[in-house]
Amino acid sequence: MTAPWTARVLTLFPEMFPGPLGLSLAGKALERGDWALEAIDIRSFATDKHRTVDDTPFGGGPDMVMRPDVVDAALAQATQDGLAPAIYLTPRGQVLTQGLVKRLSAGPGLVVLCGRYEGLDERVIEARGLLEVSLGDFVLSGGEPAALALIDSCVRLLPGVMGAEETLDEESFEAGLLEYPHYTRPADWCGRQVPEVLMSGHHEKIRAWRRQKAEETTRLRRPDLWAVYQEHKARVGAKN
Ligand code: ADE
């Protein structure tokens, strides 16, 4: 059997993994062997008796910096087979998109380096050609929660992990639009009604209503996505 999609996480807190990824759909898929997770303790690559992984910054400053030699030794082991891309999670990176998630989930897996402290010595980023990725314009206290989110977003796209494949096709970002609103029973909740059309049983009308709502929500909330969507529509023509 070929190796499943594998996430190797380099971290100072291996006990944070699998964490939430051990539960729900991702957790079941992990148990089934649809994907694999290895949490590698960066500290185990330290060479001095105090097992030091960080040091003070050249040029001064209050925060510690992760040492390039220690991190490099961890990366050398994790990237041995040379197949999976090595990602460094940092607010300085390119912002994660569903497009990148798709490409990553289609590959053999990921090597994910989680930073702590102020950062990582720049030389190891250059030497290893790390792909720097950010979850967005905010700062976490470390890369671990970002690694959990990144891996989750990839794992749910692996074949067999999500129940209904059509859920993936219809959802947000697949079409370049935000999702339309959802409703379930009761039809009348605290005097709030479910839109008539959804109870009409008229599939064509329902599809058109959902598309219109998705477009309206995207245009109002995310003009950036709306512009890309319109460009795409102009280029390839709307499917419907
Ligand atoms: N580490 C700290 N903040 C982060 C962010 N916004 N995205 C990815 N990794 C991070």
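This report covers the ligand site, the salt bridges and some backbone features of a predicted model.

Local features are given where pLDDT is at least 70 and side-chain atom pairs where it is 80 or more, while totals for chains, interfaces and linings use all residues. Residues are numbered from 1 along each chain as its sequence is written, and side-chain values use heavy atoms, with hydrogens and water left out.

## Ligand site

The ligand sits in the second largest pocket. A pocket here is an open set of points on a 1 Å grid over the protein atoms alone, where a 1.4 Å probe fits, with protein on both sides within 12 Å along at least five of seven lines. A molecule sits in a pocket if more than half of its atoms lie within 2 Å of the grid points.

Around the ligand are Leu89, Thr90, Pro91, Val133, Ser134, Leu135, Gly136, Phe138, Val139, Leu140, Gly142 and Ala146. The elements that give two or more residues are S5 and S8. Strands (E, at least two residues) and helices (H or I, at least four) are DSSP runs, numbered from the N terminus.

For Leu135, a polar backbone atom lies 2.9 Å from a ligand nitrogen, and for Gly136 the distance from a backbone N or O atom to a ligand nitrogen is 3.3 Å. Taken alone, the ligand exposes 260 Å², and the protein buries 96% of that. These areas come from the Shrake-Rupley method with a 1.4 Å probe; for residues, only the protein chains shown count as cover.

## Salt bridges

The whole structure holds 13 salt bridges. The term stands for a side-chain nitrogen of Lys or Arg within 4 Å of a carboxyl oxygen of Asp or Glu.

| Asp69 | Arg67 | 2.5 Å |

The Glu132 and Arg92 pair links distant parts of the chain: Glu132 belongs to strand S8 (residues 131–134) and Arg92 to strand S5 (residues 86–95), 40 residues apart. Glu132 is buried, with a relative accessible area of 18%, whereas Arg92 is exposed at 57%. Buried means under 20% relative accessible area, exposed over 50%, and partly exposed in between (1.4 Å probe, protein chains only).

In the remaining pair of the table, Arg67 is partly exposed at 28%, and Asp69 is partly exposed at 41%.

## Backbone features

Most residues other than glycine have a negative phi, and most peptide bonds are trans. The residues below depart from one or the other pattern.

The peptide bond from Phe17 to Pro18 is cis, with omega near 0 degrees. Phe17 is in the loop between strand S1 (5–11) and helix H1 (24–32), and Pro18 lies in the loop between S1 and H1. Phe17 is buried, with a relative accessible area of 8%. A cis peptide bond also runs from Arg185 to Pro186, with omega near 0 degrees. Pro186 is in the loop between helix H6 (165–170) and strand S9 (188–189).

Arg51, which is not a glycine, has a positive phi of about 55 degrees. Arg51 is in the loop between strand S2 (35–41) and strand S3 (54–55) and is partly exposed at 39% relative accessible area. Cys190, also not a glycine, has a positive phi of about 50 degrees. Cys190 is placed in the loop between S9 and strand S10 (192–193) and is exposed at 65%.

Note on methods. Near = heavy atom within 4 Å. Polar contact = N/O pair within 3.5 Å; in protein donor to acceptor, adjacent residues only side chain to side chain. 1 Å grid on protein atoms, 1.4 Å probe; cavity = no way out; pocket = protein on both sides within 12 Å on 5 of 7 lines; lining within 4 Å.
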